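This note sets out comments on the pockets of the structure shown below.

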Amino acid sequence: MIQTRLSTPGDIPRQRELWQRSFGDDGAYVDNFYRTYYKPERVFLLEEDGVVQTMLAWFDTTFSIPGEGICRAAYLYALGTQPEARGRGLAGALLAGADRFFRDWGIPAVTTVPAEPSLHRFFGRNGFRECFVHGQFQAAAGIPVPGELPQLEPVPPEVYAGLREARLAGTAHIALSPEVIAYQAGGCALTPGGGLYALEAPHGAAVLCAEGMVDGRLLVKELLCDPSDLDWVLERLPGLLPGWSGLYRTPWGAEPFGMLKWLSPEREAAWDWSSRAYLGLAFD
């Protein structure tokens, strides 16, 4: 017998086992989720004959749509199935079960960031369509900027959230609460130099999130500033963030990144699927 349900604190050891077997993340990375964001209702489980075989976490976010307002959006994360139980449709069954909870809770939109191209196809078969884009770029190596560098200031999640919204005003995007960003901050802190930062640029504050990659260098996984300040910021970042790899992401790009599913057939039919939005700080 198969059933989907919300997790309980007693399920955490099994969830951690599934997480590590599914994704290979180390203990510190998994600890960060349970320390900063976990609540029982934020993880769904699928049981098969009384054994938890699949898990799915979600983040409570907001979809901001210019001209239409805002709505709650569930960002799906850490969908994993016990390796020996794969290939039997359990992940799809858990997605369908999660949708029933979201409808009951009045959440009309569901988003996700597939980790690889094959997963775009999997989520497509489960009702998702391409919606969110970004750009990932490699900064050109340049001559160090002479003179005194500006300050790169660490900022707490609530400050980052406010600055992020100011920079994304007027664009279709996923807004993140300070609680969600606190999870990101915990992940950043696992690598020296990683963190949430603000920098005073010529046309106002720039904000960036630096997270470690597998080689120990830093990816700037979100860089938000006035477009006219981008080159100014990039010229100074090597001196401000010594562990930076030169890789950075901005909203200014057309690379497919995240997918959207409307849980209302009417909203699904009315949505302009040629439009694109920005998700940004996904935990990909």
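The points below take the pockets in turn.

1. Basis. The model is predicted, with local features needing pLDDT of at least 70 and side-chain atom pairs counting only at pLDDT 80 or more, whereas totals for chains, interfaces and linings use all residues. Residues are numbered from 1 along each chain as its sequence is written, and side-chain values use heavy atoms, with hydrogens and water left out.

2. Largest pocket. Its volume (the space filled by probe spheres set on grid points joined across faces, edges and corners) is about 1,400 Å³. Among its 50 lining residues, Phe23, Asp25, Ala115, Phe283 and Asp284 are the closest to the centre. A pocket here is an open set of points on a 1 Å grid over the protein atoms alone, where a 1.4 Å probe fits, with protein on both sides within 12 Å along at least five of seven lines; lining residues have an atom within 4 Å of a point.

3. Elements around the largest pocket. Strand β4 (69-81) contributes seven residues, the largest share of this lining. Other elements supplying at least two residues include α1 (12-23), α2 (27-36) and β10 (204-212). Helices (H or I, at least four residues) and strands (E, at least two) are DSSP runs, numbered from the N terminus.

4. Composition. The lining of the largest pocket comprises 25 nonpolar, 15 polar and ten charged residues. Nonpolar covers Ala, Val, Leu, Ile, Met, Phe, Trp, Tyr, Cys and Pro; charged covers Asp, Glu, Lys and Arg; the others, Gly among them, are polar.

5. Second largest pocket. This pocket holds about 360 Å³ of space. Ala140, Gly142, Leu234, Glu235 and Pro238 lie closest to its centre, out of 18 lining residues. Helix α7 gives the most to the lining, five residues.
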